[in-house]
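Try each task before reading its solution.

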Amino acid sequence: MADNAKKVIRLEYKAYLADNDTLYDTTDEAAAKEAGIHNEKVHYSPMSYIVGSNKLFPALDKAISEAQVGKEFEVSVPCEEGAGARNPRLLETHSLREFYREEINPMPGMTVSLGGRQGTVLSVGAGRVKVDFNNPLAGHDLRYVMRVTEEITEPEEKAKAIVEADFGDAAGFAFAFPGDRVTVTLPDLAKFDQGWTVARFKVVSDMREAFGVDTVEFVEVWSAAKKGDQAEAPGEEGPEAEAPDKV
């Protein structure tokens, strides 16, 4: 493995708004249900994370890099080191017609996407909609209770964890590590899933960091359908693999 490869770990956490100690996010399903924030679409389990990838607030990244596997730790993140202060200029009023054109029926508390930005609907009335485009965490001090459950060292398991984190499902994916590259063979699931089009770019970035390589290639295998149960006749086309897509 390359010298500049980064560690991949699995992490449990509970995230609180420190001012009122309200749980707003967690990997613990029981805690989510107790706090009334449970989401049926979320798979609650320890999250995969590339240590030093700087995808979290700096204080969290630092604490995770120093954490011992299995030992719970707590991190406080003041507002100015987290999502920052709230900006009153990001409270905007838009015409209700703008939402109807996007086939959105806005309701208070709803998260909406408008003009490429995400915001929360505050109020609806008199043909106008007030939307808060601030980060939901803006203006809050934060508190995290975390525990690194394991460090993933086996290459195939590292690659699988990355695909699970970025795409949501690693079933059917196969991985190889020839020389200074990572090769990912795609299952049919990914070939026909529009979500993969976006996820693949995150996978490339994370594979490069986790394995310290420059090249990540994707292989799509398309097998010719056979008629009945007859064996393939001599000279008949067999399974074909599309040339690797190198990134």
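**Exercise 1. Aromatic pairs**

Task: How many aromatic pairs does the structure hold, and which type is the pair of phenylalanine 167 and tryptophan 196?

Solution: 
- Start with the total. This predicted model holds seven aromatic pairs.
- Recall what to look for. A pair of aromatic rings is described by the distance of the centres and the angle of the planes.
- Take the distance. The ring centres of phenylalanine 167 and tryptophan 196 are 5.3 Å apart.
- Take the angle. The planes of phenylalanine 167 and tryptophan 196 stand at 80°, so this pair is edge-to-face. The cut-off for that type is over 60 degrees.
- Phenylalanine 167 belongs to helix 4 (residues 155–167), and tryptophan 196 belongs to helix 6 (residues 194–211). The pair therefore ties together parts that are 29 residues apart in sequence.
- Check the surroundings. Phenylalanine 167 and tryptophan 196 are both buried.

**Exercise 2. A tilted pair**

Task: Where do phenylalanine 177 and phenylalanine 211 lie, and is each buried or partly exposed?

Solution: 
- Describe the geometry. The rings of phenylalanine 177 and phenylalanine 211 are 5.2 Å apart, centre to centre, with 35° between the planes. Their pair is tilted.
- Locate the partners. Phenylalanine 177 is in the loop between strand 10 (174–176) and strand 11 (181–186), while phenylalanine 211 is in helix 6. They are 34 residues apart, and the pair links distant parts of the chain.
- Judge the first. Phenylalanine 177 has 31% relative accessibility, so it counts as partly exposed.
- Judge the second. Phenylalanine 211 has 5% relative accessibility, so it counts as buried.

**Exercise 3. Cluster and core**

Task: Which residues form one aromatic cluster, and which have the most contacts inside the largest nonpolar core?

Solution: 
- List the cluster. Phe167, Phe173, Phe175, Trp196 and Phe218 form it.
- Turn to the core. The largest nonpolar core has 25 residues. Those with the most contacts inside it are Val163, Phe173, Val184, Trp196, Met207, Phe211 and Phe218.
- Find the sources. Helix 4, strand 11, helix 6 and strand 12 (215–222) each give two or more residues to this core.
- Name the main giver. Helix 6 supplies the largest share of this core, with seven residues.

**Exercise 4. Charges over rings**

Task: Which ring does the charged end of arginine 117 sit over, and which face does lysine 191 lie over?

Solution: 
- Take arginine 117. Its charged end sits over the ring of phenylalanine 133, 3.9 Å from the ring's centre.
- Take lysine 191. It lies over the face of tryptophan 222, with 4.3 Å to the ring centre.
- Stay at tryptophan 222. Aspartate 188 and tryptophan 222 are 34 residues apart in sequence and 8.8 Å apart in space, C-alpha to C-alpha.

**Exercise 5. Positive phi**

Task: Where do asparagine 54 and alanine 126 lie, and what is the phi of asparagine 54 and of alanine 126?

Solution: 
- Recall the background. Most residues other than glycine have a negative phi.
- Take asparagine 54. Its phi is positive, about 60°. Asparagine 54 is in the loop between strand 3 and helix 2 (58–66). At 60% relative accessibility, asparagine 54 counts as exposed.
- Take alanine 126. Its phi is positive, about 55°. Alanine 126 is in the loop between strand 7 and strand 8. With a relative accessible area of 82%, alanine 126 is exposed.

How values were computed. Residues are numbered from 1 along each chain as its sequence is written. This is a predicted model: local features need pLDDT of at least 70, side-chain atom pairs count only at pLDDT 80 or more; totals for chains, interfaces and linings use all residues. Side-chain values use heavy atoms; hydrogens and water are left out. Rings of Phe, Tyr and Trp (its six-membered ring) pair if their centres lie within 6.5 Å; planes under 30 degrees apart count as stacked, over 60 as edge-to-face and the rest as tilted. Helices (H or I, at least four residues) and strands (E, at least two) are DSSP runs, numbered from the N terminus. Buried means under 20% relative accessible area, exposed over 50%, partly exposed in between (1.4 Å probe, protein chains only). A charge sits over a ring if NZ of Lys or CZ of Arg is within 6 Å of the ring centre and within 35 degrees of the ring normal. A nonpolar core is a set of buried Ala, Val, Leu, Ile, Met, Phe, Trp, Tyr and Cys residues joined through side-chain atoms within 4.5 Å.
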